[in-house]
Amino acid sequence: MTHIVPKDESSLRKKPVDTGFEGLSLYPGFMGKVVQASLVAELMAAFAAMPPYRPRMPRTGRPWSILQMNFGPLGWVSRPEGYAYSPVNDVDKAPWPAIPAALLALWDELAAYPAPPECCLVNLYDVPKSRMGLHRDEDEQALDAPVISLSLGDTCVFRVGGFARGDKSKSFRLASGDALVMGGPSRLRFHGVDRVISGSSRLIPGGGRINLTLRRVTKPAQ
Ligand SMILES: O=C(O)CCC(=O)C(=O)O
């Protein structure tokens with residue numbers, strides 16, 4: 001199924017810039033301002049019905065510095081016993097809301113994968129010290145599918161490294177509307193968010209950054 005969303009000025013700039021890593025493609029301003037604003041309104045309505053929560057780290061139980069939520073048939077959750085995908089949230093066992101059409105359209109345009117995403121993990125960087133440590137997205141069976149993320153709101157300093165935690169890494173900025181594809185030989189690179197630059201965008205009421213990460217979890221039926 002093809003998902004249609006309104007096109008705006010971003011259609012003119014849908015070319016990736018060179019990140020220096022094969023399979024890691026950055027599309028600056030991929031989503032234009034009009035679509036970003038309507039997506040934020042849709043997200044806010046969804047958060048009113050199912051509020052984002054502050055997850056806890058496996059083992060230590062320490063709270064994350066970000067809030068999380070999910071859309072889609074499977075949500076990624078961080079629990080004391082480990083990371084998992086779950087069809088319902090851990091708060092009241094309700095199913096996650098459907099993935100917004102604008103994000104399914106983004107996947108259709110960039111993923112080059114024969115099946116839709118099953119998880120849209122929402123990371124909300126709500127306080128100036130919110131960050132995400134270096135990690136790999138490796139809880140999925142479908143490692144042949146890319147991970148695609150969209151940034152909304154304040155710009156962040158995103159870090160990407162190699163295939164071991166201590167490998168050399170480099171950073172670049174992700175601004176509102178930027179889409180990042182991590183696929184092919186870059187699918188399992190370590191990555192994280194060093195910091196968010198407060199006040200760099202006025203998109204989100206009250207400020208902050210929202211990252212939406214689309215993932216295919218299971219292998220599609222042949
Ligand atoms: O917030 C970001 O840009 C990165 C999110 C991320 O790495 C993840 O959800 O695995």
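Which residue in β12 does F158 stand opposite? I looked this up in the pairing list, and F158 stands opposite V193.

**Entry 1: ground rules.** I noted that this is a predicted model, where local features need pLDDT of at least 70, side-chain atom pairs count only at pLDDT 80 or more, and totals for chains, interfaces and linings use all residues. Residues are numbered from 1 along each chain as its sequence is written.

**Entry 2: overall form.** I found 2 helices and 13 strands in the protein; helices (H or I, at least four residues) and strands (E, at least two) are DSSP runs, numbered from the N terminus. The radius of gyration is 16 Å, close to the 17 Å that the globule rule gives for 222 residues, so the protein is as compact as a globular protein of that length. That radius is taken over C-alpha atoms, and the globule rule is 2.2 Å times the number of residues to the power 0.38. Along the principal axes, the C-alpha atoms fill a box of roughly 45 × 45 × 40 Å. I read 35% of the 222 residues as buried. A residue is buried if 20 or more other C-beta atoms lie within 10 Å of its own, exposed if 12 or fewer, and partly exposed in between, with C-beta atoms placed from the backbone.

**Entry 3: the sheet of 4 strands.** I traced an open sheet in the order β7-β12-β9-β10, with antiparallel pairing. Its edge strands are β7 (132–135) and β10 (170–174), each of which pairs on one side only. From one strand to the next the twist averages 25 degrees. For pairing, DSSP must find at least two bridges between two strands. Strand β9 (residues 156–160) pairs with β12 over 5 bridges, while 2 bridges join β7 to β12. I checked H191 in β12 from both sides: H191 is the bridge partner of V160 and also of H135.

**Entry 4: the sheet of 7 strands.** This open sheet has the order β1-β2-β11-β8-β13-β6-β3, again with antiparallel pairing. Its edges are β1 (17–18) and β3 (67–71). Strand β8 (residues 147–153) and β13 share 6 bridges, and S149 stands opposite T213 in β13. I then looked at α2, which lies across β6, β8, β11 (179–182) and β13 and runs at about 135 degrees to β8. Contact here means C-beta atoms, placed from the backbone, within 7 Å; axes are lines fitted to C-alpha atoms, for helices over the stretch in contact, and angles run from 0 to 180 degrees between N-to-C directions.

**Entry 5: the ligand shell.** Which residues are around the ligand? I listed L121, N123, M132, D137, S149, F158, L174, H191, V193, N211 and T213. The cut-off is a C-beta atom, placed from the backbone, within 6 Å. The shell divides into 5 nonpolar, 5 polar and 1 charged. Ala, Val, Leu, Ile, Met, Phe, Trp, Tyr, Cys and Pro count as nonpolar, Asp, Glu, Lys and Arg as charged, and the others, Gly among them, as polar. β6 (119–125), β12 (191–196) and β13 (209–215) each supply at least two shell residues.

**Entry 6: positive phi.** K93, in the loop between β5 (82–86) and α2 (101–110), has phi near 65 degrees. K93 counts as exposed because it has 9 C-beta neighbours inside 10 Å. A112 lies in the loop between α2 and β6, and its phi is about 50 degrees although it is not a glycine. With 12 C-beta neighbours inside 10 Å, A112 also counts as exposed.

Key
Two residues are in contact if their C-beta atoms, placed from the backbone, lie within 7 Å.
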